[in-house]
Amino acid sequence: MIRRSLLLSAAAVLMLAACGQGGDKKAGAGPLLVGATAVPHAEILEVVKPILAAEGVPIEIKVFNDYVQPNVQLAEKRLDVNYFQTKPYLDEFNIARGADLVIVAGVHVEPLGIYSKKHTALTAIPNGAQVVLPNDASNTGRSLLLLQAAGLITLRDPTNPLQTVRDIATNPKGLKFQEVEAATIPRILPQVDAAVINTNYALDAGLKPKTDALSLEGADSPYVNYLVARPDNQNDPRVRALATALRSQAVKDFIAGKYDGAVIPAA
């Protein structure tokens with residue numbers, strides 16, 4: 001009986017050890033879960049998905065229609081990485097939420113644009129016109145810089161990317177500004193005189209930035225869209241493989257052919 005008990009105990013220990021080995025997955029096991037907005041980020045990820053799969057790096061794409069949850073879920077480790085945002089937006093999120101998300105690689109630039117369904121030129125925008133801006137700090141400031149470049153306003157600090165409407169120095173047309181969640185702006189565009197729209201949401205709404213925008217940021221825009229991770233996984237080989245694939249010639253060729261200048265590969 002004693003010998004039998006010892007044998008059973010030994011078997012139990014071996015089973016537990018085996019379970020422990022199976023349950024303790026190696027870093028990098030399983031698909032890489034990537035958060036992204038639909039256009040162009042998820043579309044670009046679909047291009048690299050089979051490339052990475054052939055390298056033994058499966059990815060799973062989770063599409064979001066806002067700019068907050070992809071960062072929240074990344075910080076909470078419900079995502080492995082995300083791909084949708086600029087550095088000013090990431091910096092703002094980290095400060096506001098006490099997070100420490102980090103940049104992995106720059107992928108592309110989406111020039112911000114001023115759009116209108118009521119007017120065909122900036123000069124046609126009337127006095128007292130209602131103009132809608134994205135309501136997050138980084139995109140509000142970026143929008144104001146674009147409006148300044150278009151000659152509609154001037155700002156107290158001509159270069160500060162985090163200014164608010166309170167920092168407008170001159171507003172010759174007396175434009176009235178309304179700040180709205182970025183994702184909803186294309187839906188209300190017909191109701192206002194003009195709106196500043198992020199390119200991903202413009203494309204998703206069927207707008208063609210190169211021809212529909214009354215004014216568009218140039219190719220020298222500093223607002224690169226980045227692949228973002230956490231400090232604990234930024235060097236995961238799967239994350240590095242994704243970064244390399246997103247900056248590959250195949251992706252650059254896809255961007256050039258698909259978006260006609262509305263999306264520009266990062267340098």
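**Entry 1**

I began with K210, which counts as exposed because its relative accessibility is 55%, and the cut-off for exposed is over 50%. The model I consulted is a predicted one.

I then looked for the salt-bridge partner of K210 and found D260, with the closest N and O atoms 3.6 Å apart. This pair links distant parts of the chain, the two residues being 50 residues apart. I placed K210 in helix α8 (residues 209–212) and D260 in the loop between α10 and β13 (264–265).

**Entry 1: Other salt bridges**

I noted a total of 7 salt bridges in the structure and examined two further ones.

I recorded D91 as partly exposed, because its relative accessibility is 30%. K87 also counts as partly exposed, at 39% relative accessibility.

Next I checked D236 and R238, whose side chains meet in a salt bridge at 3.0 Å, N to O. Are these two residues buried or exposed? I recorded D236 as buried, because its relative accessibility is 12% and buried means under 20%. R238 counts as buried as well, at 10% relative accessibility.

I turned to the packing of two helices. Such a pair is described by the angle between the axes and the distance between them, so I looked up both values.

For helix α2 (residues 38–54) and helix α10 (residues 249–259), I found that the axes come within 11 Å and cross at roughly 140 degrees. That angle makes α2 oblique to α10, because roughly antiparallel would require an angle over 145 degrees. I noted the crossing of α2 past α10 as right-handed.

Which residues of α2 and α10 make the contact? From α2, I listed V39, P40, E43, I44, V47, V48 and I51. From α10, I listed A250, V251, F254, I255, K258 and Y259.

Because Glu and Lys count as charged, I assigned E43 of α2 and K258 of α10 to the charged class.

Methods
Residues are numbered from 1 along each chain as its sequence is written. This is a predicted model: local features need pLDDT of at least 70, side-chain atom pairs count only at pLDDT 80 or more; totals for chains, interfaces and linings use all residues. Side-chain values use heavy atoms; hydrogens and water are left out. Axes are lines fitted to C-alpha atoms, for helices over the stretch in contact, and angles run from 0 to 180 degrees between N-to-C directions. Helices (H or I, at least four residues) and strands (E, at least two) are DSSP runs, numbered from the N terminus. Angles under 35 degrees count as roughly parallel, over 145 as roughly antiparallel, 65 to 115 as roughly perpendicular and the rest as oblique. A crossing is left-handed if the near helix is turned anticlockwise from the far one by less than a right angle, and right-handed if clockwise. Contact means heavy atoms within 4.5 Å. A salt bridge is a side-chain nitrogen of Lys or Arg within 4 Å of a carboxyl oxygen of Asp or Glu. Buried means under 20% relative accessible area, exposed over 50%, partly exposed in between (1.4 Å probe, protein chains only).
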